[in-house]
Amino acid sequence: MGTEILQLMIGGFATGSIYALIALGFVLIYKATGILNFAQGELMMVGAYIYFALVTELQLPFLAAFLLTLVLSGILGLVLEFVFIERMVGEPVFSVVVITLGLASLLRSLTGIVFGVLEKGLATPFSGKSLAIGPLVIWQTHAYAIVGGVALFIIFMAFFKFSKTGIGMRAAAEDQDVARLMGINIGRVFGLSWIIAAVVASVGGIFYGDLSFLEPHMSFFGLRALPAALLGGLDSVGGALIGGLAIGLIEGLAGGYLGGTGQELAPWILVLVILMARPYGLFGTREIKRV
Amino acid sequence: MSNHRKPMIVILALLLVLALVACGQQQQEAAGPKGESATSKEETAAGGVGEVRGVTGDTIRIGAILDFTGPYKSAGVLMRSGIETYFKYVNDHGGINGRKVVTFFEDNQSNPPTSLAAANKLIFNDKVFALAGVHGSAAFAAIYDLVEKEKVISFSLGHATQDFEPLKKMVFQVPTPYYHQAARIVDFFIDDLGIKEPKIGVIYQDDAMGMDALKGVEAEAKARDIEIVAKEPYQRGATDLSTQVLNLKRSGAEQVIVGGIFTQAGMFLKEAQKVNYKPATAGISPTLNEVVFDVAGEAADGFYAANCFSMPDDETYVQAEEIAKKYNVEPNPHFLYGFVNAAVLTEALEAVGDEITPEKVAAALEKLNKVTVPGFVPSITFGPDKHFATGASGLFKLDYAQKKWVPAAPYKEPVGLQKK
Amino acid sequence: MARSGNFNVSYRQEIAIFRTLGQKLWLGLLGVILLAYPLLFGEYYVYIINFALIAIIAALGLNLLTGYTGQISLGHAAFLAVGAYTTAIFSSMGLPFILVLLLSALTSLILGLIIGFPSLRLEGLYLAIATMAFYFIVAYVIAHWTDMTGGQYGLKVAPLRVLGLPIDSNTRFYYLLVTFVVASVYFATNLARSRVGRAFVAIRDRDIAAEVMGIDVARYKLISFAVSSAYAGMAGSLYAYFVGILAPEHFGFDVSIQYIAMIIAGGLGSIEGAIIGALFISLLPEGLRFVTGALASSFPELSSNFLLLKEGVYGLIIVLFLIIEPTGIYGIWRRIKDSWDTFPYKYRG
């Protein structure tokens, strides 16, 4: 019995590491621009499809395709930000958030039309290979997702803490006008946050696509990373990691003990509880409102 | 009191009165003593020559509601091709008693509200006489009332029990119900694989399809005194079955029945292989699809799936292939869903003769007895209180090396259900 | 003799809803068109417009909450669902229509109040997330509480009778729905221009300032949630009667997005905006069908991807309107009207 619980937990952590990557995207954009990007799941999906196209159409080897996916996703993030978000600086948060909802529908629809709506298998060198740790078995993809995820997190935490650009992004999130007066290029900060969010999302997308399959509605998986971001605190990079892992774990255990579909419900109930008790999350900054 | 409200109240009252008058008039028309005025209005609306909706002197309009962009999208395009191909063949051979078939298709994403919109469009805008196929169990359920009220003969493209229970005058189902398929799989483990004391686990989609399969397993298991050790639901479109697989493994199930579709069957196999769990696995007919290879890879080897349509090498398959070849298409399971429905509908329409009405076609369908059509192995028998064609299905085994399905057990009715 | 504007000579004139003869004439014309519609168009188009009429009622509710009070709700589909399922459950007990309708609106209203309470603490984004979580919980309950909701099997709604008259055709539904739409518009118009409506707008524009001015922000936020969800519950109830059988898919997350698209495309914070937006978004698929049909010969893949295309166009409408024309179609119309009124001058004097 003990190994089964461990197996459930490991499975949960592995899914959680992908949630964490997507949650990181939510957090980065929120941190820098103060909005919530509802198209985060779609960025993940498009990233996975880009990788798929590079591997199947251009026959690129894994590493080349992977790196090129990161570059192309980054460009996509930048273009979306430049065309749709940049001109909304200073507009009400509501408008910008709803624009990302619109973008989400648009990206899903375009992907379906371009790539077709049929499920597609996505292959990486570690597809379908498993890894035994004692009595436990996990997918190699999960192992890479955990390792890659943690590495990305360390990089970004350092980035926000120490680099000038990172500090600038934090300042921009705090108060756009003041940051601008202090000489921070708001446009650049916005662009950068979208680039990074798209890149981490595409990494999550490739891992996720490898574990299941590609189809335009896989983006809804991304929506389920939102509770993770919220649990950790919408503006906490480290919180995204812990939130992601925690939500993965809760889903795994809920699925194991409440039955197959309990995992769909648990994160959303958690969201309401968090919002009532501690809207700024476990590690987020508490905002004080001034007139 | 306040003068300014007057115009609004007047308008409101006016609207109400007019609405009631208009409704009243309509009612008179509909329920008038002769009862003919409404019908004659319908006829002129149908643009026919004093006949029923969708039927003219030289054409008959037939529609279908399929999934082109929803969860079963891979099937929809092929079903459409099956319906089109058969009716093209009919038209090239003089049509149905001289009438050419004109087809209309709508996308429903297997989704109830979209189906309702699609059915309204087909019935009121395109004015079809019959629906040669409606895809999705819940999607079909959303339009039962409409097709019954408007008297549109409708064929299911699925296997749901609710299509024929309770009986609906205009609704018919050719493919073997999931209920009977799942029961047949229980028999397959006992009789064909020779497992005396099976420990059966069920993993099923938590919708009408999965529940039908689960109930079929339960009924047959009860009739044959077999134990079901685990029942694991998953949500439609689920992308992670790891907890379900672990729970099944924990329960000690040695045979697993998949009440779901190919994607999740593939995921189950892949996930089970990961945790080194190797039960004999068999799925209902929606799992009989090449996508299982793509999703599961080599873990798909040895998977069984139930089927009621013809597979290559069968006599009925060759007949279907001969027709399909003329139009440069290849019959495969989903193609045959559409193809067979079109063939059965044509059979009944031809039997009715010149004076086509929905009631007559329904009666002709109910008279079909042990009829075989190309593309479908079991013989088709409807009756006044039996609107599903057959309870028989066969099993096929997935051979990963050859990438094909090979016959594993013959087409038979489930033993336990017949006893009752 | 042309007037250079509408001058009111009494207070009563100023607060009248219809202030000019022109308004009354246009409204009369609209009434005639509304009544004649089913006679002019085929049954299919009556069916289509019926959905649009139901959408108008729900969009009015969302616009009061989001457009007037500034509270983002991604959970509108959940309130519709609650109204619809309440109707299905009570109608099968044989309760009369009006009572069922009121009960449905009331159930939605109570849930609206419950979800409104967190809104007292939550702002903008967090409220959006809370309403989204609420939506997913409601959707899960509907899909899984099979005994009550029928789950994936669907739930039948008893046939509708009003005052003994069976409402069983698209045309009869049309007249019933028109009556409800007129009543809903009337109520919303009056609410919006009353003390309550002005409080809503004050909260939207700056809630702390509103509080300072003596507006009980908590109370009015809750009123806004209650009214909005009651509207949605009523629309859901009518929807349930109209479609006859309910399934969880009727109330997907995309429904919430569609309603947001409606109030944005029509115009946030105006009654006319909600009406225009609901009509526009509901009739859009027909327009799209026409276009893809015309292009079918050169781009055959368009029509088979029709539903995908529809989703994309909803997204595009949201994005384009917010970026280019945040005041929506109604805003455009008002600008055109103003420049016509003031021609040849550019601005009102």
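Leaving aside neighbours within four places in sequence, B:T114 touches B:D107, B:N108 and C:L307, where contact means heavy atoms within 4.5 Å. This is a predicted model, in which local features need pLDDT of at least 70 and side-chain atom pairs count only at pLDDT 80 or more, while totals for chains, interfaces and linings use all residues. Residues are numbered from 1 along each chain as its sequence is written, chains are lettered from A and ligands numbered from 1 in the order in which they are written, and side-chain values use heavy atoms, with hydrogens and water left out.

**B:T114 and its helix**

B:T114 lies in helix 4 (residues 112-125) of chain B. Helices (H or I, at least four residues) and strands (E, at least two) are DSSP runs, numbered from the N terminus. B:T114 has a relative accessible area of 17% and is therefore buried. Buried means under 20% relative accessible area, exposed over 50%, and partly exposed in between (1.4 Å probe, protein chains only). The side chain of B:T114 also makes a polar contact with the side chain of B:N111, at 3.3 Å. A polar contact is a pair of N or O atoms within 3.5 Å; within protein, one must be able to donate a hydrogen and the other to accept it, and residues adjacent in sequence count only if both atoms are side-chain atoms.

**Two helix pairs**

Two packed helices are described by the angle between their axes and the distance between the axes. Axes are lines fitted to C-alpha atoms, for helices over the stretch in contact, and angles run from 0 to 180 degrees between N-to-C directions.

Helix 4 of chain B packs with helix 3 (residues 43-68) of chain C at an angle of about 155°, the axes being 8 Å apart. Helix 4 of chain B is therefore roughly antiparallel to helix 3 of chain C. Angles under 35 degrees count as roughly parallel, over 145 as roughly antiparallel, 65 to 115 as roughly perpendicular and the rest as oblique. On the chain B side the contact involves B:L116, B:A117, B:N120, B:K121, B:F124 and B:N125, and on the chain C side C:E43, C:Y44, C:Y45 and C:Y47.

Within chain C, the axes of helix 9 (residues 195-205) and helix 11 (residues 217-243) come within 10 Å and cross at roughly 105°. These two helices of chain C are therefore roughly perpendicular to each other. Helix 9 of chain C contributes C:R195, C:V196, C:A199, C:F200 and C:I203, and helix 11 of chain C contributes C:V217, C:Y220, C:K221, C:I223 and C:S224. Seven of the residues in this contact are nonpolar, one is polar and two are charged.

**The sheets of chain B**

Chain B has 15 helices and 12 strands. Of its 420 residues, 61% count as buried.

Five strands of chain B form an open sheet in the order 2-1-3-4-5, with parallel pairing. Two strands pair if DSSP finds at least two bridges between them. Strand 2 (100-107) and strand 5 (171-173) of chain B are the edge strands, each pairing on one side only. Neighbouring strands in this sheet are turned by 20° against each other on average, direction ignored. Helix 3 (residues 73-92) of chain B packs on the sheet and touches strand 1 (59-66), strand 2 and strand 3 (130-134); its direction makes about 170° with that of strand 2 of chain B.

Seven strands of chain B form another open sheet, in the order 7-6-8-9-10-11-12, with mixed pairing. Strand 7 (227-234) and strand 12 of chain B stand at the edges with a single partner strand each, so one side of each has no neighbour in the sheet. Helix 9 (residues 242-251) of chain B lies across strand 6, strand 7 and strand 8, running at about 170° to strand 7 of chain B.

| Strand pair (chain B) | Bridges | Direction |
|---|---|---|
| strand 4 (residues 153-156) and strand 5 | three bridges | parallel |
| strand 8 (residues 255-259) and strand 9 (residues 280-283) | four bridges | parallel |
| strand 11 (residues 393-399) and strand 12 (residues 404-412) | six bridges | antiparallel |

B:F155 has B:F172 in strand 5 of chain B as its bridge partner, and B:V256 has B:T281 in strand 9 of chain B. B:L395 stands opposite B:A409 in strand 12 of chain B. Strand 11 and strand 12 of chain B form a hairpin with four residues between them, and B:K403 in the turn has a positive phi of about 55°.

Conventions
Ala, Val, Leu, Ile, Met, Phe, Trp, Tyr, Cys and Pro count as nonpolar, Asp, Glu, Lys and Arg as charged, and the others, Gly among them, as polar.
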